[in-house]
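Subject: Handover of a structure and the findings on it

Dear colleague,

Please find below the structure that I am passing on to you.

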Amino acid sequence: MSAEFNVRHTAHLARLELSESEARRFQSQLSQILGYVEKLKEVDVSGVEPTAHTADFMNVFRADEPRDWFTTEEALSNAPRQANHLIIVPKVIE
Amino acid sequence: MDLHTLSLSSLQARFRSGEASPSEALEALEARISSVDPKVGGYLSRNLNRAREEAAVADTSLPLGGVPIAIKDVINVKGDPCTAASKILQGYTASYDATVIRKLRAAGAIPFGRLNMDEFAMGSSTENSALQRTSNPWDLSRIPGGSSGGSAAVVAADEAFASLGSDTGGSIRQPAALCGCVGLKPTYGRVSRFGLMAFASSLDQIGPFTKTVEDSARLLNVLSGKDPLDSTSLETQAEDYTRLLGRDLKGVKLGMPKEYFIEGIDPQVDTAVRAAIRQYESLGAEIVEVSLPHTEYAVAVYYIIATAEASANLARYDGVRYGRRAEELRNLQDLYVRSRSEGFGEEVKRRIILGTYVLSSGYYDAYYLRAQKVRTLIRQDFENAFKKVDALICPTSPEAAFKIGERSGDPLKMYLADIFTIATNLAGNCGISLPCGFADLEGSRLPVGLQLLGNNLDEAKLLGIAHAYEQATPWHKQRPAL
């Protein structure tokens with residue numbers, strides 16, 4: 001499986017762009033790590049249920065009620081660019 | 001009077017007897033930090049003015065009244081920077097208190113200082129911090145462990161009475177072992193994660209670093225409990241985690257997992273841990289060998305599950321709503337790609353890519369789903385072991401602190417440093433590391449950690465077992481010469 005690992009393609013899926021040297025290094029390091037995790041194939045997992053988390057409950061609900069939380073100013077206080085209570089981003093529609 | 005050297009409990013005793021005030025304690029601590037932190041590098045920043053105001057009006061009758069507690073840079077304290085030691089969050093100011101901070105404040109404590117760590121808690125040496133280097137207080141050329149390296153180093157160096165860290169694969173226990181203090185990873189769900197920047201949501205847990213086991217229990221009393229803001233926090237009866245401190249060990253059964261006593265452990269670590277086991281026997285505990293047969297798969301399972309969860313959690317850092325945004329952007333896609341590529345450090349990128357790969361179409365079943373199934377088998381190993389014993393006893397780390405720079409080119413070797421801690425996160429149970437001796441390496445005297453692992457929600461029993469050993473040994477009283 002790890003032979004098919006393409007670091008640039010996977011980086012693109014995660015919206016990361018790698019330099020030449022990063023790409024070379026990651027390709028080799030991650031191939032080594034993917035080779036290491038191949039050992040999980042040795043384990044007989046037939047009939048074993050997967051564990052997503054270790055707490056024994058499924059759905060947790062609370063009442064859907066408004067309450068005090070951030071003000072708009074607080075919510076925007078860490079935005080890199082903003083104006084008129086809006087976050088500014090590059091134009092999306094041409 | 002060297003107030004900064006006191007444990008949290010001794011400090012509070014001085015507050016209550018009137019021998020010292022919270023303001024004096026804070027000033028003593030600040031003087032200590034100013035004198036040794038230029039060498040140790042544990043703190044990223046401190047808001048001294050705010051802490052002074054809080055100390056002046058502290059109510060010392062509260063459970064942690066007037067005690068400054070230092071915080072890992074991944075837990076939000078309103079008004080303080082919170083960067084996860086990442087460039088992508090440089091300049092970020094927390095706009096709310098994490099639940100653990102709210103609880104500390106309600107107990108009278110003073111959150112004081114931001115602690116260095118591996119970027120987004122990814123690492124075992126704190127070398128992955130994008131902001132600064134932290135050294136081991138016992139040998140400044142060595143790493144303090146990680147990811148909560150700052151949290152461990154400042155407690156060991158008497159620069160904090162106690163601190164908070166987070167443990168996803170050993171990030172509390174391993175640095176506590178390498179720096180020579182007490183580090184507790186509570187059961188998954190015991191402590192709310194609300195306000196902890198998420199790395200791997202099914203594994204992350206907040207816990208305390210302290211100078212003594214008693215302090216650890218007292219902090220857990222404050223930190224634990226169901227939180228409506230964290231749907232994975234557990235609904236449990238309130239309990240006093242100090243209640244089994246001082247109890248003798250008659251009838252207590254400790255299991256030595258045979259897979260944790262393997263070749264490759266540093267001989268001095270092995271010697272110290274085996275001496276601790278004999279000490280337990282002489283204190284009345286019964287030692288039996290147990291097996292956790294899927295241990296050898298834990299690192300592989302962990303690096304699939306933790307990176308998969310991280311790749312999803314770290315998708316939020318896109319340069320739009322907060323954090324650093326790249327400049328001179330061509331379009332929105334460019335904003336995402338360049339903000340992330342410029343903002344994340346190397347280890348974080350490596351793990352995001354690995355996590356993205358194991359979740360990607362065509363590979364999900366082979367990697368992620370299979371890892372989740374092996375995780376079930378690892379959980380069952382622990383369930384079976386805890387049917388036979390009260391706790392497991394083993395090394396925290398296979399070796400003492402290594403030199404800064406020694407491992408940085410070899411991520412797989414770095415990952416294998418966590419072999420004794422990560423299975424616990426996968427299984428969800430609790431664990432503690434406490435000092436059990438020293439290794440002499442190249443002229444340095446380096447702490448060795450003993451790890452005790454407890455069943456789900458068995459923290460009180462675990463702390464009692466740890467306390468009995470601590471009280472019978474001198475290790476927790478040793479301090480580095482700085």
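I begin with helix H7 of chain B, which spans residues 213-223. Ten of its eleven residues are buried, so the helix is largely enclosed by the rest of the structure. The buried positions of H7(B) are B:Val213, B:Glu214, B:Asp215, B:Ser216, B:Ala217, B:Arg218, B:Leu219, B:Leu220, B:Val222 and B:Leu223. Just after H7(B) comes B:Gly225, whose phi is positive, at about 130°. Please bear in mind throughout that this is a predicted model.

Chain B also contains an open sheet of eleven strands with mixed pairing. The order of the strands is E1-E3-E2-E4-E6-E5-E10-E11-E9-E7-E8. Strand E1 (43-45) and strand E8 (286-290) of chain B each have a single partner strand, so these two stand at the edges and one side of each is left without a neighbour in the sheet. On average, and with direction ignored, neighbouring strands of this sheet are turned by 35° against each other.

Within the sheet, strand E4 (residues 162-167) and strand E6 (residues 205-210) of chain B are paired in the antiparallel sense, over six bridges. In this region B:Ser166 stands opposite B:Ile206 of E6(B). Helix H12 of chain B, residues 365-388, packs on the sheet. H12 of chain B touches strand E7 (253-257), E8 and strand E9 (391-395) of that chain, and its direction makes about 150° with that of E8(B).

The next topic is the interface between the chains. Here 42 residues of chain A are in contact with 54 residues of chain B. On the side of chain A that touches chain B, helix H1 (7-13) and helix H2 (20-37) of chain A each supply at least two residues. The largest share of that side, seven residues, comes from H2(A). By type, the residues of this side of chain A divide into 27 nonpolar, eight polar and seven charged.

Finally, I draw your attention to one residue of chain A. A:Ala75 lies in helix H3 of chain A, residues 72-75. Is A:Ala75 buried or partly exposed? A:Ala75 has 15 C-beta neighbours inside 10 Å and therefore counts as partly exposed. Its C-alpha atom is separated by 9.5 Å from that of A:His85, which is ten residues apart from A:Ala75 along the chain.

A colleague

Notes: Residues are numbered from 1 along each chain as its sequence is written. Chains are lettered from A and ligands numbered from 1 in the order in which they are written. This is a predicted model: local features need pLDDT of at least 70, side-chain atom pairs count only at pLDDT 80 or more; totals for chains, interfaces and linings use all residues. Two strands pair if DSSP finds at least two bridges between them. Helices (H or I, at least four residues) and strands (E, at least two) are DSSP runs, numbered from the N terminus. Axes are lines fitted to C-alpha atoms, for helices over the stretch in contact, and angles run from 0 to 180 degrees between N-to-C directions. Two residues are in contact if their C-beta atoms, placed from the backbone, lie within 7 Å. Ala, Val, Leu, Ile, Met, Phe, Trp, Tyr, Cys and Pro count as nonpolar, Asp, Glu, Lys and Arg as charged, and the others, Gly among them, as polar. A residue is buried if 20 or more other C-beta atoms lie within 10 Å of its own, exposed if 12 or fewer, and partly exposed in between; C-beta atoms are placed from the backbone.
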